[in-house]
Amino acid sequence: MSGPGAGFEYPPVEVSWLKRDVLLFANSIGCTSDELHFLYFSAFKNDKQEVIDFYAAQKAIKIPGVPEFDARRVVDGQRLVQFLKPLPTTSEGKKFEIRSKVLGVYDKGRPGTVVETQNDLVDAGTGEVYTRAIGSGFYVGQGNWGGPKGPATESFPPPKGKNPDVEFENQTTQQTPLLYRLNGDYNPLHIHPEPGKKMGFGGVIIHGLYSWNWAAHGLLQKLGGSDPANMKEFQARFASPVRPGDKLVASVWRTGEKKGEWEEIRFIVKIAGGKIVLSNGRALMKVVAEAKSKLPQVGDRLSYDGALCTVRYLGEIAGTSGSWLGVEWNDAARGKHDGSHKGVRYFTCRSRSATPASFIRPTRPADAPVSFIYALQYKYAAELAQTTAIQFSGKIAEEVGFEKTHSKQSQLSELRYAVLDGMRIATVYEEGDPSITDTCPKVVELDLSRNLFKKIGPVIAICAELPRLRELRLNGNRFQDILNDEDLNEANKSLQSVKELALEETLLSWEEIGHLAKRFESLSSLSASTNQLSSLPPIPLSPLTSTLTSLNLEFNDFTAITQLRSLAPLTALRHLHLKGNNISGIRSAGSDDPVPIFCTNLQYLDVSYNQISSWSFVDELPICFPGLASLRFAHNPIYDQPNPELSASSKNSTEEAYMFTVGRLANLKALNFGTISAADRQDAEMFYLAHIGKHLATVPETREAEVLQFHKRYAELCELYGPPAVNRTKEINPAFLEARLVSIQFMFHAEGRDVIQRTTKIPKSFDIYAVKGIAGKLFGIKPLSLRLIWETGEWDPVAGFDDEVEDSSGDEEELSTAEEENVTGQRDNLRQGEKAGKWVRREVELLDGPRQLGFCVDGSEAKIRVEMR
């Protein structure tokens, strides 16, 4: 010991305790009335039994060589207790003293000063030391006085990649500090809000030693058989204050490291869903109880006959007897309700399904969780060991094809693709497991989907031992508290080689997905489909902004492209998958938000199987996605019925939709996995232009602008192909005779003779027999020897435009530069020559029968070709 104040000894303080004091202390930290053996310093009282002025008592003795510190601004720092000799339940008949000395006073600068002390509980008559406590008090904001900084404290973090062996919790109340202060700690900080506000805590905080003693009691209860003789040392650092009403959660790990008969235990205490309260937790214990809770706890991941679930509730249900587990199933179809029973809500599910939950008895046997190594060996080694060799005439057959591959996979040291989906993995190792590095060092693709992980830590630990890992699938897991998981703080190095990550069906929020994905510094592909995402709030995305090239957000709940605005900073993004959402427009209904503009590198977009019902969506795609070259757009209402304004559904609707889409998007190179050739583009653009002409023909010339605002490329297409014919028919009063006549131009193709034309007007009510009679009379031919063919004047595409190929990620790749130039050249050459492509003139034969002419031809004029049978 050296430095100012070090070695200073306080005058001994006589202490005593009665059985009543022990009972009070035990009750204040959650012990039952028969646990009298839980006894720490807080139960000791000095010889003054009356209530004292806490601050005045603290000022009574000044440490020489250091400034006088303000006792009104002090909190506990860290405390270690060594149990050297069992304590009696009462001090009656003996004289006990606390002998204290200063070990060091350390100047921590602006934050404050640490005073480290040693306190021995001594039998004054014999000099025997019963317990020794080494602790520190932190004087808030009382530093910068020129003292020594002090030595670095030794750290005892929880084991990485290992789930806690024990967890227990405690709900504090407003009465917690009131009861605990009766043990003799009368600091006003724990009863009056003013000191806490001045120190930045916002009000009353609970005694640090309450959390400390509660954790010690829990360790003895869970691991030490409630016998204080099984604990030799206990220490923890006071990391954050606890407010009345906070729920404390302790997580405990057995390390397996022993000093003689004493095993080292690590632990932390957190506020549920919040900060760590006690860190650097360490104890030396004789473990005599099982390290696992007898009953499942809230948050546990369980498997029943292969069906995975998460425990959301443990307790009683009104109208029933005994305890129940409320579980949320991974497969919502297994459930019966949403966490409510007879109008009472017992828990809330993460799934938005109507029935993802069930109540089951805690005694129902669950499938046993396993380690990663066990699952790997079971899947790839045990199966092969159980098979028998196939023999033909006494000779063992050589394995080929799948069996040969299976045999190679069973050699774990050569394993490259490990699929451990649904194997009930909860931990990295079990006792006696070989290391991952020695077992399967060559794994490049790993599927850990649908397992029993509670935290991401075990996954990180597994990846840390697989240096060649490139693809990781974690679909269907239910990771908890991702945003506050300390294992992620130093995970980057363990995850740096992974380039593809799948987090499908995890029900993580976008913030949680981003917080996790950022730890993969080389990530190029991220799949987050089926996560109930309805918007993507802005979050920091670095380093993904420069590495992520493919993002899959299929089967979520987006309704508009503007909800994806926060993806605009992803400048390396090339492929965006939005299949199976509820997208109906660029903007949400009723919104006038500006459209988001994504980077020019984004060339592939999949919006198939959505609710898009307007071509205005397609018209705005080049604004949102200026680099768009490949689109999947099938299975949307507007694609299934592309022309709702002018016609009902037709059998050629997919061909029309294909051409409308290509015609509207000038730079598109592929649609629905099919490459758009120069001929395809020319045909589509001409068809689309003709469609605009028909649309214009339905409105007066004065309203043309209203129509053209829905066709952004009209002027451009007119420049390429010339304006379309717009045939506006004069409106005729239906009461006039003229409205009931069709002007027919007959063209007779006689063999060896020029075409003979005759024009006449025929009532619409005449049937085809009558029309043939008129034609026969005009050309002097027997009517029944004629064929009448109506030339509609329209062109039809040949089927095959929309033959969608298999959905394969390999089809997303863009055209190479050479291919693109070749297609462009073909397109330019075709436009200079005659029309080419998949087109035929539409003709309709007017078959014999009683059907009226008005139902067979459109409009008031028609061309009919007359041929001999």
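Tutor: The protein has 20 helices and 37 strands, where helices (H or I, at least four residues) and strands (E, at least two) are DSSP runs numbered from the N terminus. This is a predicted model, in which local features need pLDDT of at least 70, side-chain atom pairs count only at pLDDT 80 or more, and totals for chains, interfaces and linings use all residues. Residues are numbered from 1 along each chain as its sequence is written, and side-chain values use heavy atoms, with hydrogens and water left out.

Of the 869 residues in the protein, 48% are buried (under 20% relative accessible area, with exposed over 50% and partly exposed in between, using a 1.4 Å probe and protein chains only). Among contacts with a separation of 6 or more, 73% are between residues 24 or more positions apart; contact means heavy atoms within 4.5 Å.

The part to look at is built around α16. Helix α15 (residues 653-664) packs on helix α16 (residues 678-697) at an angle of about 95°, and their axes are 8 Å apart. Axes are lines fitted to C-alpha atoms, for helices over the stretch in contact, and angles run from 0 to 180 degrees between N-to-C directions. That angle makes α15 roughly perpendicular to α16 (65 to 115 degrees; under 35 is roughly parallel, over 145 roughly antiparallel and the rest oblique). From α15 the contact takes E656, Y658, M659, F660, V662, G663 and R664, and from α16 it takes D680, R681, D683, A684, E685, F687, Y688 and H691. By class, this contact has seven nonpolar, two polar and six charged residues. Here Ala, Val, Leu, Ile, Met, Phe, Trp, Tyr, Cys and Pro count as nonpolar, Asp, Glu, Lys and Arg as charged, and the others, Gly among them, as polar.

α16 also meets helix α18 (residues 714-721): the two axes come within 10 Å and cross at roughly 115°. On the α16 side are Q682, E685, M686, Y688, L689, I692 and L696, and on the α18 side Y714, L717, C718, L720 and Y721. The contact of α16 with α18 has 10 nonpolar, one polar and one charged residues.

Helix α15 has a further neighbour in α13. In helix α13 (residues 616-624), F617, V618, D619, E620, L621 and C624 are buried. These buried residues pack against α15, and also against β29 (604-606) and β30 (630-632).
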